[in-house]
Amino acid sequence: MASDPDAALMLAFQNGDERAFRTLFERHGRAMVGFCHHYVKDGARAEELAQDVFLKVHRSAARYQPTARFRTWLYRIAANHCLNELRRGEYGARREAAAREGGSAPVDLDSLPGGAATPEQAAVGEALAGAVRELLARLPEKQRTAFVLCRLEGLSYEEIAEVLETSVSAVKSLLHRATVAAAEALAPWSAPDGKEARQ
Amino acid sequence: MTRHLDQELTALLDGALPPARAREVEQHLAGCASCRAERDRLAHAVQLLAALPPPPAPSPDFSRGFYARLDAEPTARAGVLELLRRARWRNLVPIAGGALTLALVVGALASYRAEQARLARGLDLYQDYELVAGLDAVQDPEDVLVVGHLDELPAGARP
């Protein structure tokens, strides 16, 4: 895929250019932490998972085929890694315990999430994030990954199909079901311009 | 009419429909209050999700921690060994097990034959008859009979 500069870097790394790999990490490392955050929600663990993903990329560089876009290949590795993490009993147990305690983490008004102008907005944002977290935990694995990639990472249907190694038509179906579930879960919330939840 | 538009409504909101299909869906929406209500419900969720705060930024140690882990990775040659250790051990275990079993069988056979040879060297003693008769290698009863009467043969005719 000659038009993909990341693929060119990956090919350079395959030929022994370690700096090309480091450039890929600098470009996508932070985004991977954010992606992993949608699965584990624990900042330190999300960072560790993102590091794992790049170590996997480093180890399995020889298997990379430039027919796949680097970004979708990276997300495929990351999604599989995060889902494996969720399948591990110990983490699942902690997650369920957190959900039983009410899901949303207490709001720290001293650290405003990005974009929040006031502590109140930050609190609403955090509470909404908690509701989305609970929604994600309930979705089946494929729906969850498709939903995260589309709604939270901004990938196109075609890119998601590449990540999930499925058809665009299947992605359409997965996203529709997940969006219907989101509409039900988020119905009590007012539109973002209102900035307040009705619950 | 809502049912057959379900998936199309989400794809329409995401701008993922081909233009011709998008026009058809828009036309349908213009005349179908039920589908419009469903579209608005889905659009509300999509809008809320787009307004979510971004995940927190990685800690300052993220990159440094990664490079430290990368530097601790095995070198290329050690990496191959590591790969063998990690990826092939499931294959190596049955292969090694099979080789060990084969070696034990061959060893046992060799030992068995050596014992037979030792016994055969002393066949001129009658007390060896019972041992020889018990050997699986002596399959024919006539062989056992011959062995049992070896001491009756003239000395020069014995094996």
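# Close-up views of the chain A and chain B model

View 1. Five salt bridges are found across the interface of chain B and chain A. The model shown here and in the views that follow is predicted. One salt bridge that can be examined at the side-chain level joins R22(A) and D71(B), with an N to O distance of 3.7 Å. Polar contacts between chain B and chain A amount to twelve residue pairs, with both residues at pLDDT 80 or more.

**View 2. Helices of chain B on the side that touches chain A.** Three helices of chain B, namely α1 (2–13), α3 (33–50) and α4 (61–71), each supply at least two residues of the side that touches chain A. The most comes from α3(B), which gives nine residues to that side. Sorted by class, the side of chain B that touches chain A holds 20 nonpolar, seven polar and nine charged residues.

**View 3. Extent of the contact between chain B and chain A.** The contact draws 47 residues from chain A and 36 residues from chain B. Interface size is often stated as the accessible area lost when the parts come together. For chain B and chain A the buried area is about 3,600 Å², and carbon and sulfur atoms give 67% of this area. L49(B), F62(B) and F66(B) together supply 18% of the area that chain B buries against chain A, more than any other three residues.

**View 4. An aromatic cluster with members from both chains.** A single aromatic cluster is formed by F13(A), F21(A), F25(A), F54(A), F62(B), F66(B) and Y67(B). Two of these cluster members, F62(B) and F66(B), also belong to the trio with L49(B) that supplies 18% of the area chain B buries against chain A. Over all chains, the whole structure contains 14 aromatic pairs. In the pair F13(A) and F21(A), the ring centres lie 5.0 Å apart and the planes meet at 35°, so the pair is tilted. F13(A) counts as buried because its relative accessibility is 9%. F21(A) is likewise buried, at 0% relative accessibility.

View 5. F70(A) is buried, with 0% relative accessibility. W73(A) has a relative accessible area of 10% and is therefore buried.

Notes:
Residues numbered from 1 in each chain as written. Chains lettered and ligands numbered in written order. Predicted model: local features only at pLDDT ≥ 70, side-chain atom pairs only at ≥ 80, totals over all residues. Heavy atoms only, no water. Phe/Tyr/Trp six-rings, centres within 6.5 Å; stacked < 30°, edge-to-face > 60°. Buried < 20%, exposed > 50% of the residue type's maximum accessible area, 1.4 Å probe, protein only. Contact = heavy atoms within 4.5 Å. Buried area = accessible area lost by both parts, 1.4 Å probe. Salt bridge = Lys/Arg side-chain N within 4 Å of Asp/Glu carboxyl O. Polar contact = N/O pair within 3.5 Å; in protein donor to acceptor, adjacent residues only side chain to side chain. Helix = DSSP H or I, 4+ residues; strand = E, 2+ residues; numbered from the N terminus. Nonpolar A, V, L, I, M, F, W, Y, C, P; charged D, E, K, R; others polar.
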